[in-house]
Amino acid sequence: MSTEIRVPQLPESVADATLVTWHKQPGDPIRRDENLADLETDKVVLEVPAPANGVVSEIRVPSGTVVTSGQILAVIEEGAAASTAAPRPAAAPQTAPAAASVSAASATSPAPGAGSAAKTAAPTKAAATNVPAEGAREAGKLSPSVRRLVEENHLDPAAIPGSGRDGRLTKADVVGYLDKKPAAAVAVAPAAAAAVPSPAARAPGRPPVTGARAEQRVPMTRLRARIAQRLIEAQSTQALLTTFNEVDLTATQELRARYKERFEKERGVKLGFMSFFVKASIAALKRFPVLNASVDGNDIIYHEYYDIGVAVSTDRGLVVPIVRDADSKDFAALEKEIADYARQAREGSLAIEDLTGGTFTITNGGVFGSLMSTPIVNAPQSAILGMHKVQERPMVVNRQIAVRPMMYLAVTYDHRIIDGREAVQFLVAIKEALEDPGRMLLGI
């Protein structure tokens, strides 16, 4: 029986999606719930699972096509056996430079021109060698970001040790595997060498051109294009201004160090710094509610709830999952939810609902070593808090020089509705809460 595979129903805020990758080709067998294709929206990557076991008989939409809800993507024959026809011929031999690059890249990598055979090599090898957690290594079980990295570099997932849950491959596993491979030797064609002008013919003082000078034009992903659009809109529609302060994290670090082992044992999650910053931000937002507001035309909307966005960096770009009603959650609940969102963001499994809304955002450039920055407001919100690297610096404490763990804080705000006085006092309130974290526990 033939079954049509259609684009799933997209959320109301998403008009269309781009089909970025086919994981099966006509004639390939497929199992129920195995991922058939990836659809990229402005916010997340959606998977298209197979509704039943069978064989892909027809693909109607090529990769790179913009599709809409309900559009037919492919047809599968339920219960059919895999085609036993002769193997597809391999692509013509590559030129010497390309062949040298491929051979140097990996001795176990499938040839780039091997078509769908390369895509099914990973699960076959895993099954044949009885690799542990073989289900997590099959192409259909890889997260979209990991799958794309594996396919772009023509890697065999079964050959890469996985450090994730149940042996699942993570992006870090693939990047580490690539870093350990020897650099590919680049062969320079004699004609290119002959094209370099002689030293006498070069302009005086101009250095000789050596080595390859290749360029590559790559279209933006939908997420990257959407990020670019929103950043431009924020800067062109809001009057953005940034104010800075610094916070001494001695008391917060001491409190965390004192209870982190007991906290993890009893609550089942590590005690990080983000929950302290979320709590401090909420306490400051309650004192200065305009920083939790948004602009709608000529009206200011004051939100009487606190949905805090926590920016997470992924290989596809920055996403901001929302912690709903953060003011009603304790430290453990905040840490668990933030950790879950970070994992789902890296795996590409966030839902549209996880990224929609939000009244205030926190971004942490310190994880990458940033000492100071001016974050851009996540419109239509009116403010964003920027965290940075914790760095020990000499400070004057009680007229004595002492080494303290210091962090620069930044708040970018929409000056149309937020005055400088409110923004500065808001940041001071966060500083005071973090320098005396007992106040957050007592609610004072």
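**Close-up views of a predicted model**

**View A. Helices α9 and α10 cross.** The axes of α9 and helix α10 (residues 331-347) come within 9 Å and cross at roughly 115°. Axes are lines fitted to C-alpha atoms, for helices over the stretch in contact, with angles from 0 to 180 degrees between N-to-C directions. Helices (H or I, at least four residues) and strands (E, at least two) are DSSP runs, numbered from the N terminus. On the α9 side, the contact (heavy atoms within 4.5 Å) is made by Met-274, Ser-275, Phe-276, Val-278 and Lys-279. On the α10 side, Phe-331, Leu-334, Glu-335 and Ile-338 take part.

The model is predicted: local features need pLDDT of at least 70, side-chain atom pairs count only at pLDDT 80 or more, and totals for chains, interfaces and linings use all residues. Residues are numbered from 1 along each chain as its sequence is written, and side-chain values use heavy atoms, with hydrogens and water left out.

**View B. The largest nonpolar core.** A nonpolar core is a set of buried Ala, Val, Leu, Ile, Met, Phe, Trp, Tyr and Cys residues joined through side-chain atoms within 4.5 Å. Buried means under 20% relative accessible area, exposed over 50%, and partly exposed in between (1.4 Å probe, protein chains only). The largest core has 74 residues, and Val-278, Leu-291, Ile-308 and Phe-426 touch the most other members. Helix α9 (residues 274-287) gives the most to this core, with eight residues. Leaving aside residues up to four places away in sequence, Ile-308 touches several residues, among them Val-278, Ile-282, Leu-285 and Phe-360.

**View C. An open sheet of four strands.** The strand order is β5-β4-β2-β7, with antiparallel pairing. Two strands pair if DSSP finds at least two bridges between them. The edge strands, β5 (45-49) and β7 (66-67), each pair on one side only. Between β4 (residues 35-40) and β5 there are five bridges; Asp-38 has Glu-47 of β5 as its bridge partner.

View D. Most residues other than glycine have a negative phi, and most peptide bonds are trans. A cis peptide bond joins Ala-379 and Pro-380, with omega about 10°. Pro-380 lies in the loop between β16 (360-364) and β17 (383-387). Phi of Asp-33 is near 70°, and Asp-33 sits in the loop between β3 (29-30) and β4. Asp-33 counts as exposed because its relative accessibility is 55%. Phi of Asn-398 is near 55°; Asn-398 is in the loop between β18 (391-397) and β19 (400-414).
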